Amino acid sequence: MRRSLTNALIAGAALIVAALSPAEAKDTVKIAFIGPLTGGNAAAGVGGRNSSMLAVQLRNADPKAKFAYELVPFDDECKPNIGVQVATKAAADRAIVAGVTHYCSAVGIATVDTYARFKLPVVVWGAILPDITYGNDYKQIHRVNGTMINEGKLAAQFLTARGFKTFAVVHDTTDYGKGQNKYFSEYLKPAGGEIVATFPVSPDQQDFTAELTRIKELKPDMIFVGGLTPLGVRVRSQMERLGVDARMAGVSGIMTAGFLEGAGAAAEGTISFHNGAPLSKYADGQAFADAYARAGFREDPDAYGPFAYSAANLIMDAVEKVGPDRAKITAELNATKGRPSLIGEINFDDHRQNIVTANVYVAQGGKWVFWPDSEYAAGKRTIAGR
Amino acid sequence: MDIGFLAQHLFNGLMLGVIYAMIALGFSLFFGVLDVIKFSHGDVVTLGAFAALGAIAFVGSVVPLPGLALVLGLLAAIAASMAAGMVIGGTLVLPLRNAPPVNVLLITLMAGTILREAIRLGVPNGGNPKPFPALLPDRRIEIGSFSVGIDSVTILLAGLAVVVATHHLVTRTRLGLAIRAVAQDPEVACLSGIDFRRTVLGTFALGSALAAVAGCMLGLYYREINFSMGLVLGVIGFAAAVVGGLGSLLGPILGGFLFAGVQTLVTITVPSASAYKDVAAFAVVIALIGLFPTGLISERASERV
């Protein structure tokens with residue numbers, strides 16, 4: 001009771017101050033947020049929206065800010081056709097000066113031309129397909145999160161360094177799975193690993209007994225899965241059934257609570273690779289978590305929330321410096337080097353791709369644990385196999 | 001390839017085949033009595049599996065007896081699927097009996113979509129794959145490189161037994177006689193005192209019960225079920241039924257094993273082509289339908305002129 005009274009007093013005071021102070025005169029600058037707010041990937045999308053919303057709220061509370069900011073959220077439903085529609089809508093609105101865009105790779109790659117045509121600078125916050133930044137030379141497209149190149153490279157180096165030398169790859173035949181397979185295979189050879197067989201499979205295939213029996217015959221040290229959660233769950237549980245005694249590692253698509261629930265006890269010891277680090281590993285992670293909790297969002301920031309937060313801040317920093325002009329913001333974002341942010345220092349390369357390193361996670365006791373903190377790294381548990 | 005792996009591949013193929021055969025049998029039974037294609041059949045399989053999962057979770061939280069949970073789960077699956085099959089049959093298919101067949105096809109396709117989405121939205125986190133509890137003893141039999149769980153053998157034998165029992169039911173019992181009579185000529189069957197509606201609903205119940213058992217077998221074997229698994233299973237079951245001979249009894253069983261055989265063979269021989277195993281299997285189906293338009297084992301009296 002006392003708390004709500006205090007809150008009411010603060011709110012009232014804030015209103016009076018706002019009405020009297022010159023902050024009233026600030027121009028409003030609009031920034032678009034685009035991500036999957038409904039559908040199967042909504043958890044990631046809503047987490048990203050909340051995180052960038054938080055960045056905007058914190059900036060608006062800062063008296064030193066020259067502009068007032070407004071986040072305009074759009075739902076791309078993780079569908080390329082819808083994505084292009086909302087991207088066009090956002091880009092055609094001259095009041096919007098920049099965008100924090102896309103979680104799904106298929107949508108991210110479909111919309112790059114739209115942003116370039118309308119000259120709207122955007123910062124990608126979640127999609128990991130390399131071609132979004134490396135497949136074109138559009139000055140408008142930036143990305144704060146890493147790509148599957150980072151993940152594939154780390155996976156190849158980490159696994160071979162742990163003594164796994166022979167691999168069987170099972171990947172789905174979408175751009176996502178094919179890309180993951182490509183980069184993992186590319187980096188595996190120089191790292192000293194060998195692929196004994198590659199099985200491209202359809203993403204909704206249920207039965208893997210034929211593939212896994214063949215893999216069992218080939219006796220690889222490890223099975224590498226390039227796909228999303230359902231694929232990971234099926235491969236892991238059917239390995240159990242057929243008595244395949246290799247271990248399993250997978251791309252970030254399987255690093256979900258759904259995988260742990262689906263594979264049950266068999267999930268233990270599965271290794272995965274992800275661009276993001278746990279919040280507690282970021283210098284300002286705790287502050288972000290506290291502010292996020294204070295802001296009263298009902299949903300989690302999710303793994304890519306900190307990236308969306310950093311992308312929004314990067315854009316607002318640029319607006320503060322050069323004003324709400326698309327061309328000037330583009331030039332300012334292009335030149336980003338050594339910029340401190342929640343997710344660490346942001347450095348854009350010549351394709352406006354942030355240089356990040358991926359992280360290793362392991363399923364331990366029904367949770368995904370940051371590898372250096374895990375009992376596996378400490379030697380208390382072992383990733384058996386052979 | 002050593003003999004152990006050959007045996008393992010053979011076992012995998014048999015397992016898939018028996019599941020396909022049970023679904024294909026349903027398609028064939030429905031086509032036999034009413035000349036309709038009921039496309040919601042695959043989703044009835046899913047419904048059975050989810051009903052079993054729910055019942056098992058409920059029983060498991062009351063008494064820790066895996067055997068009892070399994071039996072009750074199976075019964076719940078059969079009850080739910082039978083009910084769904086009879087409701088779809090009684091309210092959607094029977095009234096449209098004299099409408100163009102494409103109407104029935106479409107309406108059951110939509111009924112299937114409703115079932116599938118209801119499972120996705122109604123079950124907590126229904127969009128994610130759900131783990132199915134391992135209720136059978138999981139000791140393994142290892143002979144050289146051939147390793148098989150006792151549970152897998154149990155599931156396979158149970159499936160074969162259900163297929164044989166269905167055959168027995170249709171060929172040796174009064175209900176079976178009625179089903180065959182209606183299939184041959186509904187009017188004459190009615191004249192000789194067979195209750196048409198009851199027989200048709202009985203057939204839908206029988207086919208759906210088979211689907212429920214197939215759903216439980218899938219769950220027990222793969223230890224995972226998901227809301228959309230019925231979609232592909234339905235198409236495969238339908239293809240197996242058509243290639244074997246819609247309306248016949250042995251045809252769909254043969255078709256099921258054939259489909260599984262081609263899928264397994266493709267994966268073994270060309271690993272990099274494993275993404276194309278469904279393509280290969282459906283291509284074989286197309287070729288066989290071209291060669292044997294009425295199926296490998298056709299209905300004895302074809303009504304199509």
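1. B:Arg223 lies in the loop between helix 8 (196–222) and strand 4 (224–225) of chain B, where helices (H or I, at least four residues) and strands (E, at least two) are DSSP runs, numbered from the N terminus. Although B:Arg223 is not a glycine, its phi is positive, about 55°. With 24 C-beta neighbours inside 10 Å, B:Arg223 counts as buried; the cut-offs are 20 or more other C-beta atoms within 10 Å of a residue's own for buried, 12 or fewer for exposed, and partly exposed in between, with C-beta atoms placed from the backbone.

2. This is a predicted model, in which local features need pLDDT of at least 70 and side-chain atom pairs count only at pLDDT 80 or more, whereas totals for chains, interfaces and linings use all residues. Residues are numbered from 1 along each chain as its sequence is written, and chains are lettered from A and ligands numbered from 1 in the order in which they are written.

3. B:Asp35, in the loop between helix 1 and helix 2 (41–62) of chain B, is not a glycine and yet has a positive phi of about 55°. B:Asp35 counts as partly exposed, because it has 16 C-beta neighbours inside 10 Å.

4. The axes of helix 1 (residues 3–34) and helix 10 (residues 250–269) of chain B come within 7 Å and cross at roughly 145°, the axes being lines fitted to C-alpha atoms over the stretch in contact and the angles running from 0 to 180 degrees between N-to-C directions. Among the residues making this contact are B:Gly13, B:Gly17 and B:Tyr20 of helix 1 and B:Gly256, B:Phe259 and B:Ala260 of helix 10, two residues being in contact if their C-beta atoms, placed from the backbone, lie within 7 Å.

5. Between the chains, 28 residues of chain A are in contact with 29 residues of chain B. Strand 7 (194–201), helix 8 (209–218), helix 9 (229–242) and helix 10 (257–263) of chain A each supply at least two residues of the side that touches chain B.

6. Chain A has 13 helices and 12 strands, and 53% of its 386 residues count as buried. Along its principal axes, the C-alpha trace of chain A spans about 75 × 55 × 35 Å.

7. Helix 12 of chain A is mostly covered, with 14 of its 18 residues buried. Helix 12 is followed by A:Gly323, which has a positive phi, near 90°.
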